[in-house]
Amino acid sequence: MIVPVEEQAESARKRPEDVVLEKQLLYDQHTLADTYPYKNTTREFQWEKIKVYLAEVENINATPAQWGYIENRGNEHGRPPLAEDPTDQGREDKYGVDRNHI
């Protein structure tokens, strides 16, 4: 039987129920129980929601990709970006922030 690539990829994806969480703490002096009192209410950790996000992170990491980020703090001279008009040689950007203020 030949399985399409899409189905193969879907079957390899982690589901939230595939994520196993264990508490392995070196100390227990300042840790909270799964359910704990807070002011006039009771709070609890939402482990099922955490598992959903962890499964998504695992699936993202399983896909080969290159990651990076873009930082627009300054140009090659370290100065903040100019206003929209490139001929404007003022000292403020388009939001009125002094260009020397980094």
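1. Glu 17 is exposed, at 57% relative accessible area. Here buried means under 20% relative accessible area, exposed over 50%, and partly exposed in between (1.4 Å probe, protein chains only). Glu 17 forms a salt bridge with Arg 15, with the closest N and O atoms 2.8 Å apart. A salt bridge is a side-chain nitrogen of Lys or Arg within 4 Å of a carboxyl oxygen of Asp or Glu. Arg 15 is partly exposed, at 47%.

2. This is a predicted model: local features need pLDDT of at least 70, side-chain atom pairs count only at pLDDT 80 or more, and totals for chains, interfaces and linings use all residues. Residues are numbered from 1 along each chain as its sequence is written, and side-chain values use heavy atoms, with hydrogens and water left out.

3. The protein chain has two helices and two strands. Their order from the N terminus is α-β-β-α. Helices (H or I, at least four residues) and strands (E, at least two) are DSSP runs, numbered from the N terminus. Of the 102 residues, 9% count as buried.

4. The salt bridge count comes to four. One of them joins the side chains of Arg 13 and Glu 56 (3.6 Å, N to O). Arg 13 lies in the loop between helix 1 (5–12) and strand 1 (35–38) and Glu 56 in helix 2, so the pair ties together parts 43 residues apart in sequence. Arg 13 is partly exposed at 34%. Glu 56 is also partly exposed, at 38%.

5. Lys 23 and Asp 34 meet through their side chains in a salt bridge (2.8 Å, N to O). Both sit in the loop between helix 1 and strand 1, eleven residues apart. Lys 23 is exposed, at 51%. Asp 34 is partly exposed, at 35%. Elsewhere, salt bridges with shared partners join Arg 15, Glu 17 and Asp 18 into one network.

6. Which residues of helix 2 are buried? They are Lys 51, Ala 55 and Asn 59. Seen down the helix axis, they fall within an arc of 75° and so line one face of helix 2. The arc is that of the directions from the helix axis to the C-beta atoms. The face turned away from the buried side carries exposed Lys 49, Tyr 53 and Asn 61.

7. Asn 59 lies in helix 2 (residues 47–62). Its relative accessible area is 8%, so Asn 59 is buried. Leaving out residues up to four places away in sequence, Asn 59 touches Arg 13 and Lys 14. Contact means heavy atoms within 4.5 Å.
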